[in-house]
Amino acid sequence: MLIVDDHAAFRRQARALLERDGFTVIGEAIDGAAALAAVQAVRPEVVLLDIGLPDTDGFRVAERLASLGSSAIVVLTSSRGADAYRTRLDASPAAGFIAKEDVSGRAIRDLIGLA
Amino acid sequence: MGSGALLVAIGVIGTAFGLASEAIQTGAGADPQRSLVDFMVGVAYLAGGLVAWRRDPLNPTWRVMSAIGFGWFVGNYAPAAQPLLHAGGVVLADTDAVLLIALVLIYPHGRLEGTLHRTVVAVAAVGLTATNALFLATGASTPNLVLGLTLTLAMLILVPRRLVIASAADRTLLAPAIFATLVTLVAVGVAILVQLLRIPEPLRSTLLAARDVGVLAIPIGFVVGSFQLADERLRRSRARIVEAADAERRRLERDLHDGAQQRLVTLSLALRSARRDLGDDRAPDVARALDAASDELKAGIEELRELAQGIHPAVLTETGLAGALPGLADRSAIPTVVTSAVDRRFAPSVEAAAYFVASEALANAAKHAAASHASITAELRGGTLVLAVRDDGQGGADPSRGSGLVGLADRVAALGGELRIESAPGAGTTVSATIPVVGSGLPRSSTDPGATIIGEHAHDAHR
């Protein structure tokens, strides 16, 4: 799993929680450009991708990853609600959206259909 | 403002200057009736200029217009017996024409813009004075009349040209002044031709009288313009206030998002981590307390999210109306269809006004109108964004009674637009906003992650 978020505290807590929930966090990135580079470098199965990034937004990163032929499953997250993003979520190659406070191993597994 | 007394003094001196000049004219055998008309034209410039000067004290346009009131009478002193008055009256007879040209070219902002405009004013000032001096010395009037006619024809091209090159916002301001100027120019041009071609009486007198009426068009047109200018200035200042308020709301939302929301979200994950560490078997009281704290925190995060969204929707900043309107429909309490033919970005204050109108109208439809369906349409007609929200509720809404739409009507009006509410009883409610967007478009954001330089790498990028 790769965690992409510009807030260090969130990355740290999300990593701690997801590792406890059985995920192996193999990388962190702080913006869209670093995320693209990291996906190509470490080939994660899942990318937890913040929508509000300093250099771009998560939707664009997800589209870019899809167009680069990445097989990583993208889970978008934000501290803003999903409502505001629904239309873009429908059109996005990302697997879905989880509000930041709801991020957990189970929530991600439920979303992407992992056992 | 303390210049009231100054303006009155200028008015009194100008009137006395005009009366004395007309006395010289009638003394030299001029028709008293024509002198009266001539006096009134000069006073019209003086009074119009002073009234507009008082309203708009920092704009030099009105000082020039007041000065025309003086310049108008200068030529009347030509028949004076006193040699200096006579010479001054002849040589400076076209002061009014020079100032008129300047007035028409500096309106509405009070500046001569471009070499062409400055050259025309300079040629008029130097040339008309020199040809009048020539007339004083030799009695030849043709050079002065030919130059006057040339300048009139030049102005007939330059004045409409100003309308063509003006910004859209200035165009409305210029229109009455330009129309008035064209009327005056034609009247002046005809009068010059009358003198050049030595048109005989009685046609000569009729055409010269027509000129005196024609030149009245300028003070009238320009005073109308000064009122428009004041309105426009007020509207622009309101628009700036709205823009500043919008910017402040965006900043607040951003600060909430980057600050409190991030901390609370992170805290929520920390609490859940702690709860996982505790497991299900140990310390059930602590586990219950942690669960309760998590739930409470989740509710707090939700409330903060609603608050931030209400202050300024981030989706509007990020994706404009194209992304934000469907989001509104999704969150609406009644089923809402969005038909938007608008996929470009506008100035933030235009987008915010349209968004908040739609948001408020939908909220009213759900709360007060007992509506079962609503629709949002957005389209661009010419340079105007037209947004309409319709519901199938009971209608009969009274927008003047404390609805949030009153504040939104002010917001829309500050942008030069208009908010309309149609709500006949039993026929549903339609709230529509028309907002001019000309010149307010922003380029679409083109941040492409693939095109940006790769930033800081992840710390532990290995499996």
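Predicted model: local features only at pLDDT ≥ 70, side-chain atom pairs only at ≥ 80, totals over all residues.
The lining of the largest pocket divides into 21 nonpolar, 17 polar and eleven charged residues. Altogether 49 residues line this pocket, and its volume comes to about 1500 Å³. Rolling a probe the size of a water molecule over the atoms shows where empty space is left.

Let us turn next to where the two chains meet. Chain B brings 46 residues to the contact and chain A brings 47. The size of an interface is often given as the accessible area lost when the parts come together. Here chain A and chain B bury about 3900 Å² between them, with 52% of that area on carbon and sulfur atoms.

B:Arg305 forms a salt bridge with A:Glu101, and the closest N and O atoms of the two are 2.9 Å apart. On the chain B side, three helices each supply at least two of the residues that touch chain A: α10 (217-278), α11 (284-311) and α12 (314-331). Of the elements of chain B, α10 gives the most to this side, with 15 residues. Taken as a whole, the side of chain B that touches chain A holds twelve nonpolar, 18 polar and 16 charged residues.

Over all chains, the count of salt bridges comes to 29. In chain A, the side chains of A:Lys100 and A:Asp50 meet in a salt bridge, at 3.7 Å from N to O. A:Lys100 sits in the loop between β5 (96-99) and α5 (105-112) of chain A while A:Asp50 belongs to strand β3 (residues 46-50), so the pair ties together parts that are 50 residues apart in sequence.

A few backbone details deserve a look before you leave. Most residues other than glycine have a negative phi, and most peptide bonds are trans. Another cis peptide bond joins B:Glu201 and B:Pro202, with omega about 0 degrees; B:Pro202 is in the loop between α8 (168-196) and α9 (203-214) of chain B. Over in chain A, A:Arg43 has a positive phi of about 45 degrees, although it is not a glycine. You can find A:Arg43 in the loop between α2 (32-42) and β3 of chain A.

Conventions. Residues numbered from 1 in each chain as written. Chains lettered and ligands numbered in written order. Heavy atoms only, no water. 1 Å grid on protein atoms, 1.4 Å probe; cavity = no way out; pocket = protein on both sides within 12 Å on 5 of 7 lines; lining within 4 Å. Points joined across faces, edges and corners; volume = space filled by probe spheres on them. Nonpolar A, V, L, I, M, F, W, Y, C, P; charged D, E, K, R; others polar. Contact = heavy atoms within 4.5 Å. Buried area = accessible area lost by both parts, 1.4 Å probe. Salt bridge = Lys/Arg side-chain N within 4 Å of Asp/Glu carboxyl O. Helix = DSSP H or I, 4+ residues; strand = E, 2+ residues; numbered from the N terminus.
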